[in-house]
Amino acid sequence: VSDGGLYVCMSNYLSFGRNYVEQYFQKTGHNIFLHLKKVPKAVTESGDEIESPPKKKPIRLAIGVDGGFDLNAKQIEYEEINSIVLLPDFTVISFPDDSLPDKVQLCVAGILSVESASLTNQIQSWDGEERKISLHAETLVQHSDPRKIPPSGWKCDICGLTSNLWLNLTDGSILCGRKYFDGSGGNGHALEYYERTKFPLCVKLGTITIEGADVYSYAEDDMVIDPFLSKHLEHFGINITSMQKTEKTMTELEIDANMKLHEWDVIQESGRQLQPLSGPGYTGIKNLGNRYYERINEIFNRTNPCDIPSNLEAQMAKFGHGLLSGCYSITSNGDNSDEQKLEGQQHGIAPIFFKSLIGAGHSEFSTGKQQDASEYLLHLLNSIDKDEHKLKSQRNPNDCLRFEIEERIQCTKSGKVKYTSRTEYVLSLPISLDDAVNKQEFLNYEEKRKQAEARGEKISAEDTVRPIVPLMSCFKAFAEPEIISEFYSTALGEKSSATKITRIKTFPDYLFIQMKKFTVGDDWVPKKLDVIIGVEDKVELAEYRGTGLQATEELLPESNKEEIEPEEPRIDVAVVQQLSDMGFAFESCRKAVYLTNNSGVEAAMSWIMDHMNDPDFTAPLVLKCDTSKKPSFKPDENGVATIISMGFQQEQAVKALKATDNSIERAVDWIFSHIDELDSVDVNENTEEETESKPKIRDGETRYQLVAFISHMGSNTFCGHYVCHIIKDGRWVIYNDRKVAISEEPPKGMAYLYLYKRL
């Protein structure tokens, strides 16, 4: 990616730019490298210009792949120049060269193939079309004496509908599907038929071509691949080679939903001739997710080169240098080419090692699936906290983001209160559509849209009316008193009711705000609220500061009862599985079902949406042991030693292992999600060093200014694309993958995450 290309060590496959390869050679003595370099191909100009074909409409929910969204109208072609380089004199041996030993040639071939695999992984990370082979495809039983299906003229066997039709691959029934996102579609007769017959697989008529078709498994509740589709269709007299596509695929319908929202155009500021930017602080990131920057050489000098891929501090330094140095936001010859100026395209960086390290061991972030930006941010900050605690650092970069939330609970009958606090990095704000400043206009639009749909018509996307909810209304909703029923009052010794009020206890240097845009539709699929937030560039939050215990208040007494926890909870496994199939973590689903007293899918889903940003959202459900029924806990000695080596105390390690059944990985996560509780662990003596390693909470003034925001394009968390806007040098700048340019009309109201800086 650098001007001098990439130098890959032939001994251990570590890669370096020209600025660091000599330093690596001096530390290790490894002197044989594969040099990889890409040079832009020369463009031959001719007097006759050939008219470019029109842009094709995307047919895949992906970015930068064939059939997906083309964010770069023009693509630069490169010529690859590979060679063997020997240090210290940088002796060059051209490659390929038949005179090279077979061992060297095989090594080079292996390195080049790994590069290709990493590129494939990047593409998959933005492809929303990943489907699995159905478990029922190979063993599907089809009825004898089947009906013959004509090549056209289909209609639903029950209601006569002629669109959105699905052919059951067991008996040949033709039935309509469910309603689409906009209320159109079918009447759900295919689903009703499955519930009666349990025939699992259906294919959408009109999508069948020689390349395949949309196949849905009701038993697996997902779009699937049927490797035997040709044979299964032939059973009903359908020749797959002669079929033509006449209906939109489910992916195309999803894309239509995204494009109809106009998010893609508004957030990316499409149709505007934006002025590209480059240089320090204006580097884009190739589509794959700072105190370190100034100390990069110091960090690399004291880090073993072989440890760099797994060293978070080194990877953060590398990432920070790539973003802030400006070395990767220019073309290879050092000047912006005409094509680059036209497209706003730059080299950018591809932080593959960084992404792999942060996602290692995580069920979601280690994959190429679409990630939620807020969840990834919290995971990243948690990873940094772990690393800083292990290093016993006195300068944790997270200190500027960390703050505390205060919860005040008041018993309704006794009037006595209880104060608790928790540490957060992101403030999640609810969105109430009742607070929309254009509520009546929006309701009129909704009525007009429903009437149009009843007539089989659709309202133009340009006429869409979105509710506009002021940001400060969301703050007021966050601070609204909440009634707690079935509250056990220690003052009364019985159940009562209570009022809970949430406030911000401390105000950080930088405040991340997440808008709770994602909710659950009638079909139980998470979707995004199509709403505009009335954002203010400057906000005053003094009225939301927590007050702490007041002189006129009396605390609820502490419970003197010996805590006996309930037995292992009885959890509805079917509900857990249903929630898990929607894409939520299994442990989160289990916790949701238990904490809502097995009240069903709706209650559990509501709990998930309210708590999905909790630090311990994906942590396992843990109940304290009933010592009268269970044997005493014996911690794993190796686990204790491992956790202590990370900078924690022995008592903390034992408590974490006890809460997680001696699982080291889960214990470390548990520690960081229960840090306040662990601060109260009795220890013989706290050294000054241990005290300094505890998370620091800053507090200050309550006036903030908006400095950045991240917007999500797509109808739900499982698909889409993120774009960032940052204010730099007094102007808004758009960061859209590798495109960095001056923003003419920053779409502040469409954002998902906001970052405010204290004034």
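Mentor: Two strands pair if DSSP finds at least two bridges between them. Keep that in mind as we look at this predicted model.

Trainee: Thanks! How many bridges join strand β12 to strand β17?

Mentor: Seven bridges link β12 (residues 403-411) with β17 (residues 494-504), and the two strands run antiparallel.

Trainee: What is the order of the strands in the open sheet?

Mentor: The four strands follow the order β13-β12-β17-β16, with antiparallel pairing. The edges are β13 (417-424) and β16 (482-489); each has a single partner strand, so one side of each has no neighbour in the sheet. On average, neighbouring strands here are turned by 35 degrees against each other, direction ignored.

Trainee: Now a single residue. Is valine 723 buried or exposed?

Mentor: Buried means under 20% relative accessible area. Valine 723 has 1% relative accessibility, so it counts as buried. You will find valine 723 in strand β24 (residues 721-728). From C-alpha to C-alpha, valine 723 is 8.1 Å from methionine 713, while 10 residues separate them in sequence.

Trainee: And how should I think about a nonpolar core?

Mentor: In soluble globular proteins, nonpolar side chains tend to be buried together. In this model, the largest nonpolar core has 35 residues, and Leu579, Phe584 and Ile608 are among those with the most contacts inside it.

Trainee: Which helix gives the most to this core?

Mentor: That is α17, with six residues. Other elements supplying at least two residues each include α12 (373-391) and β23 (703-713). Leaving aside neighbours within four places in sequence, isoleucine 608 is in contact with Leu579, Phe584, Ala592 and Phe617.

How values were computed:
Residues numbered from 1 in each chain as written. Predicted model: local features only at pLDDT ≥ 70, side-chain atom pairs only at ≥ 80, totals over all residues. Heavy atoms only, no water. Axes fitted to C-alpha atoms, helices over the stretch in contact; angles between N-to-C directions. Buried < 20%, exposed > 50% of the residue type's maximum accessible area, 1.4 Å probe, protein only. Core = buried A, V, L, I, M, F, W, Y, C linked by side-chain atoms within 4.5 Å. Contact = heavy atoms within 4.5 Å.
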